[in-house]
Structure formats: structure tokens, C-alpha cells
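Please look through the structure below slowly, turning it as you read. The paragraphs that follow begin with single residues and then widen to the whole protein.

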Amino acid sequence: MSIPVRSVGDGIWEVERRPDALVPARFVASADLLPSIRQDETSLRQLQNVATLPGVVGTAWAMPDMHMGYGFPIGGVAATDAEEGVISPGGVGYDINCGVRLLRFDLRETDIRPRLAAILDTLFAHVPCGVGRGGKVKAGPAVLRRVLQEGGKWAVKEGFGQAEDLEFVETGSRIAGADPEEVSDIAIARGKDQLGTLGSGNHFLELGVVDEVFEPEAARVLGLEEGRVTLLLHTGSRGLGHQVCTDSLKTMRRAMGRHGIHVPDPQLCCVPLRSEEGRAYLGAMNAAVNFAFANRQILATLAVRGLAEGLEVKEASLGARTVYEVAHNIAKLETHTVDGVSRRVCVHRKGATRAFPPHHPEVPARYREIGQPVLIPGDMERYSFVLVGRPRAMELTFGSSCHGAGRRLSRTKARAQSQGRAIAREMAERGILVRSASRRTQEEEVAEAYKDVAEVVDAVAAAGLSTVVARLRPVAVVKG
């Protein structure tokens, strides 16, 4: 029997409430997306379960790109009281601070198209990618602990990019509260040679073009005029973040009974935020967040170098500028109005993006009038989008929006359906070049494996969470 859902507003749906739920469980979806979401009973059940977490406040949310995750559905958003609530690694995920950076250049498509094959070669050469692949930046334990404290600021000090980049990264490319001493030696060992690496799976580097502008003034402020060349970068904290999650899950499973916590799904294991174990996880998670910030700062610099080499020009002539960088898979202490009262809460965003509105103090001054940029990559064959946050996101979803297209097919199913296809040739015939560390990645990342990201962003726009500013069209893609 399917899980009952009902409409509670434009594009907002509520899932049948569990008897032990503390708050409603709701999701954002258009009429087009609703049928597939209703069939995804595992994700809906996970959302119901999130609404039972001790200390959860407001509403437990899922975005239209939702699909099954570990504990929380991917696309899940939930806030717990900072004094009496819990923190759950399942609400963050294994790839801590997986995120997206967008750069723009003083280039048009006609500037890069004649040398696109050479550019793809140099990007692939400069950006290490693939499972377990190490990079050129080696960091011993002492150096790595500085990275875990300083984030992207460490990378800039080491010559990767400019200090101005950091202004356009969420939290300035460094989150406070990191405690490297809570990061295990195993996690340190896994991260020591992975700075400046892309990884595998859905991580990518995408050279694109601004294909269509929907909000001209916002696009002008962001520097995204139609025809402008862009670069999207998507990766996270690599093996270090994965190990932090693994270590914390083991600790929390043992500690839950001692704290008298019972949850409907073991994957939702959690501890009080104020407990010893809660503080340890928050410190280790924040350290992994900073590792990911540093990783993307390094990778962005390497990608710019690769583009310049492919074009046979000096880097300075590219006019490279960071538009913005957002974090997914993170739990952050923020202040929000809940039921009319200002409260300090821990916002878990698992496959969801912060979407703060105009005039919010954490939005960079250059963007204060238009709102925080929200970067939504699609699949490698179609398009991606740039949005900006709206006030209604603060009213409903703790200042959150979707983060991508969302998978329709598991990697195994996608590979089974696409084996034997000449995917790179098919894409080239449509004007998109692709390189990857393995053919398997291309088979897993075909367009059919994902929801149509245009439908996803339309859904969050209709719900008033974000406004669509521009569409980006890929022309060259590096996959892990």
C-alpha cells in the first residue's frame, strides 16, 4: 500500500505522519515530478523517520531531487534545537561538504570551440580524477591539520587562487568549530594525497556556456551574460570525509543507548548535539568541511591553468572569476524563526543547498540585492542552472533549496541500460566532448539516470524557494 500524501500548498506535499513524529514531513514537487516521488516509497519513509528525531523543529523537508540515501533521503533538510536536539551523520552523508563552484571567464563559445579537444586534454591532465586517485598536492599530518582548520584560506596562502575567491564561497571557504584532533589517523591517512583531486562517481568538471538568461539584472550582477563561458566544479572531501562519517557512525551506534535515544531506522543514529560524542562529530565534520573547501580551491586553480594551456594563452587573459561556491552535505548552526520564535538550530542539509535571500548578512556584498547564488548542476548531457535564494526559503525550509537533478536509476541499473552504447560519440555529435577515468563512469552518468533538472528547478521556483537566473549548456566534461 502506497504512503499517503496530500497537498498543503502550491507545490508542497505532506507525507502521512508517523504516530511518533514530532513535526510534519513535507516535500517540494511539481505535478510532473509527483508520480515518480510517490513511487519512491523508501525515500518517503526515510522522510517520515526524520520527523521523529529528538529535538527536531519546524518541518522535516525533502527537495524535488530527493532519492534514497543513508538514513535521510538525499535532498533532505531538517533542523534540530541547538540545546536539546541531536546531530545525525545520516543527515550529512558520507561525502561531507560535497559542493559546487562556478567560475566565469571573459570568453565566448567561439573562443573555445576551435580548440575544444585540446582544452579537454589539458583539463584532464591538470585535474586528477578517478577512484582513489592521488593529486600533486601532498600534505603530511601536520600540514593537513592546518588545512582542516583553515579550509580554502590555506590553499590561497599556498598560491592556489586569489584571496578575493574566498569572498564568494559559502562561509568564506572556512567553517568555524573544526577540531582536527577529532579526525582519526585513518582519515588523515586517506586524505594526505587527495587534496586537489576530483574523485569519481557524480563528481565532475564541466566547461559550459550561458545558454539562456531568465533574470537579466541578476545575471548581470553575477557576470553571466548569454554566451559567456563558464566552468562548474563538483566534488567534496574525498576519502577523509568518508572516513569521518564511518568513524562517527560507529561511535554513535554505541552511544545511543547510553543517551536513551531510539530511532525507527538504525541509519538515523544520532546523539545530543551537546554531548561529548556530538561535539566530537561536529568538530570532525567541520574539519572535513574545510578539507573540501581547500580541495575545490585547489581544483579551480588547476582547471584555470588547464584551460589557459589548452587555449595557449596566459591565465590572466582569461578573466577568470569565482561566481560562487555552495556546500551540500553539511550540518550548520544557524538562527532561524521557527513558529514565530527566533531559535538557534542545527540545520542538516543532505543533498540540499543553502538559499539565503536578498539582504541576508551572509550573502556577499556584491550579491546582497539579488540573494545568494544557488548552483544546480544537471546531468552531463543536458544543462545546469543558476538560481538565487528567496525569502520564502527562510520561511519554509530553513533557507534551503535543491542541489541537483537527483538520480532516477541506481548506478547498477544505469550501467546495465547503457552498456554497449558509444556514449562519448553520441555526446560529441551533440557538441559535447567528454573524458573520464573509466568507461564505467560514463555508463553510470548518462542522462537517463537522472531526473530532468529543469523540472527540479521549476519546482523549487514555483514553491518560492529560489528564482531561476540562467541556464548553462555543457560543451566539455571531465568525469571521475
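This is a predicted model: local features need pLDDT of at least 70, side-chain atom pairs count only at pLDDT 80 or more; totals for chains, interfaces and linings use all residues.

H359 sits in the loop between strand 14 (353-354) and strand 15 (373-376), and its phi is near 75°, a positive value in a residue other than glycine. Most residues other than glycine have a negative phi.

A second residue with a positive phi is R238, where the angle is about 55° although R238 is not a glycine. R238 belongs to helix 10, which covers residues 238-255. Is R238 buried or exposed? With 12% relative accessibility, R238 counts as buried, because buried means under 20%.

Another buried residue is L465, whose relative accessible area is 0%. L465 is found in a loop, the one between helix 16 (453-462) and strand 19 (466-479). Leaving aside residues up to four places away in sequence, L465 touches a set of residues that includes V28, M63, A355, V388, R392, L396 and V460. Y383 lies 82 residues from L465 along the chain, and the C-alpha atoms of these two residues are separated by 20 Å.

Burial can also be followed along a whole strand. Seven of the seven residues of strand 11 (residues 321-327) are buried, so strand 11 is largely enclosed by the rest of the structure. Strand 11 is joined by six bridges to strand 7 (residues 99-108), and the two run antiparallel; within this pairing, G99 has A327 of strand 11 as its bridge partner. In a regular strand the side chains alternate between the two faces of the sheet.

Buried residues make up 62% of the 480 residues, and among the contacts between residues at least 6 apart in sequence, 78% join residues at least 24 apart. What radius of gyration would a compact globule with 480 residues have? The value would be near 23 Å, and the protein has 21 Å, which agrees. Taken along the principal axes, the C-alpha atoms fill a box of roughly 60 × 50 × 50 Å.

Conventions. Residues are numbered from 1 along each chain as its sequence is written. Side-chain values use heavy atoms; hydrogens and water are left out. Buried means under 20% relative accessible area, exposed over 50%, partly exposed in between (1.4 Å probe, protein chains only). Helices (H or I, at least four residues) and strands (E, at least two) are DSSP runs, numbered from the N terminus. Two strands pair if DSSP finds at least two bridges between them. The radius of gyration is taken over C-alpha atoms; the globule rule is 2.2 Å times the number of residues to the power 0.38. Contact means heavy atoms within 4.5 Å.
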